[in-house]
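Biologist: I've got the model open and I'd like to go through the labels one at a time. Can you back each of them up for me?

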Amino acid sequence: MEGGESKKDGGDECGGTIEIWLRKHALNFTRATRHPFILSIRDGSVDIASFKRWLEQDYLFVRAFVAFAASVLIKACKESENGSDMEVLLQGISALSDELAWFKSEAEKWGVSLSGVSPQPANLSYCRFLDSLMSQEVEYTVAITAFWAIETVYQDSFAYCLEVESKTPHELKETCKRWGNAAFGHYCRTLQKMANRQLHKAPGDVIKKTEATFLQVLDKEIDFWNMSHG
Ligand SMILES: Cc1ncc(CO)c(N)n1
């Protein structure tokens, strides 16, 4: 399909299935990673009430995301022929533990109480979608690609807010660095290789299902950013 027969990972940075999809669905990807909320952080015009709403809702999302990450880890242990997938995902889960602690301290910094927050409809819908991907019937290929996409939307969005020309307010730099930093970028590229490797050996129906799931993730991410408008 993509010709890279000599590559054991099923495709290099420009020739894997994921790279093809990123080109094919560039508009959707851009909508998810260059959302008005992100643009407002980058140009310094961000409404702090919107930021606080995002912070509250994302804390709840990350708690649900931990369970999804655990389900992807289990699939990797059972299905991946590559033992290093499990190690990458285990490290990712350990980073999510730091992330939850970070949300708590960040909320305190902004005077936001996380204990009484209830999830908004877009958040509930995203969490239900994650739940559906946790089922045993969902292939590792589908799950690891969704996992990659979820992390990558944040990486790409927040890295954009850290570019030299950006006017991101100082108080939000730390938030942007959480996902926009180079190490997180490297982690996302590792996840991308893992997804590509799976897709390279997947049957056609699973590839189709994975592409549809990727597009669903992008839609859910856009709806999630929309919540910040209140
Ligand atoms: C909604 C959302 N998508 C992706 C991430 C990345 O972990 C996050 N924290 N929240």
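Biologist: This is a predicted model, so start with the record: which residue does the UniProt annotation "active site" cover?

Modeller: Glu221 is the one, and the annotation comes from an unreviewed UniProt entry. Such annotations may be inferred rather than shown by experiment. In the model, glutamate 221 sits in helix α10.

Biologist: Is glutamate 221 buried or exposed, and how do you know?

Modeller: Count the neighbours: there are 24 C-beta neighbours inside 10 Å. The cut-off for buried is 20 or more, so glutamate 221 counts as buried. Leaving out residues up to four places away in sequence, glutamate 221 touches Ala32 and Val153.

Biologist: Where does UniProt place the feature "binding site"?

Modeller: At Asp58, Glu99 and Glu151, again from an unreviewed entry. They are spread over 94 residues of sequence, yet they cluster in space, with 12.8 Å as the largest C-alpha distance.

Biologist: Why is aspartate 58 called buried and glutamate 99 partly exposed?

Modeller: Buried takes 20 or more other C-beta atoms within 10 Å, and exposed takes 12 or fewer. Aspartate 58, in helix α4, has 20, so it is buried. Glutamate 99, in helix α5 (residues 83-109), has 16, which falls in between, so it is partly exposed.

Biologist: And what makes serine 105 exposed?

Modeller: Serine 105 is in helix α5 as well. It has 8 C-beta neighbours inside 10 Å, and 12 or fewer means exposed, so that's the label it gets. Serine 105 and isoleucine 74 are 31 residues apart in sequence, and their C-alpha atoms are 30 Å apart in space.

Biologist: Let's turn to α7. How do you know its length fits a helix?

Modeller: α7 has 21 residues, and at 1.5 Å a residue they should span 30 Å. The end C-alpha atoms are 30 Å apart, so the two agree.

Biologist: Why is α7 described as largely enclosed?

Modeller: Because 19 of its 21 residues are buried, the rest of the structure largely encloses it.

Biologist: Which residues does valine 217 touch?

Modeller: Ala146, Ala149 and Ile150, not counting residues up to four places away in sequence. Valine 217 is found in helix α10, and with 23 C-beta neighbours inside 10 Å it counts as buried. The C-alpha atoms of valine 217 and isoleucine 150 are separated by 6.7 Å, although the two are 67 residues apart along the chain.

Biologist: What covers the buried residues of α9?

Modeller: The cover includes α1 (17-24), α5, α7 and α10. Among the buried residues of α9 are Leu191, Met194 and His200. Helix α9 (residues 182-201) reaches 29 Å from its first C-alpha to its last, close to the 28 Å expected for 20 residues.

Biologist: Zooming out, how many helices and strands are there?

Modeller: The protein has 10 helices and zero strands.

Biologist: And what makes the protein as compact as a globular one of that length?

Modeller: Its radius of gyration is 17 Å, close to the 17 Å that the globule rule gives for 230 residues, so the label holds. Along the principal axes, the C-alpha trace spans about 50 × 35 × 25 Å. Of the 230 residues, 34% count as buried.

Biologist: What does UniProt say about residues 31-228?

Modeller: The unreviewed entry annotates them as "domain: Thiaminase-2/PQQC". Over that stretch the chain is 80% helix and 0% strand, with the end C-alpha atoms 15 Å apart.

Conventions
Residues are numbered from 1 along each chain as its sequence is written. This is a predicted model: local features need pLDDT of at least 70, side-chain atom pairs count only at pLDDT 80 or more; totals for chains, interfaces and linings use all residues. Helices (H or I, at least four residues) and strands (E, at least two) are DSSP runs, numbered from the N terminus. The expected span of a helix is 1.5 Å times one less than its number of residues. The radius of gyration is taken over C-alpha atoms; the globule rule is 2.2 Å times the number of residues to the power 0.38. Two residues are in contact if their C-beta atoms, placed from the backbone, lie within 7 Å.
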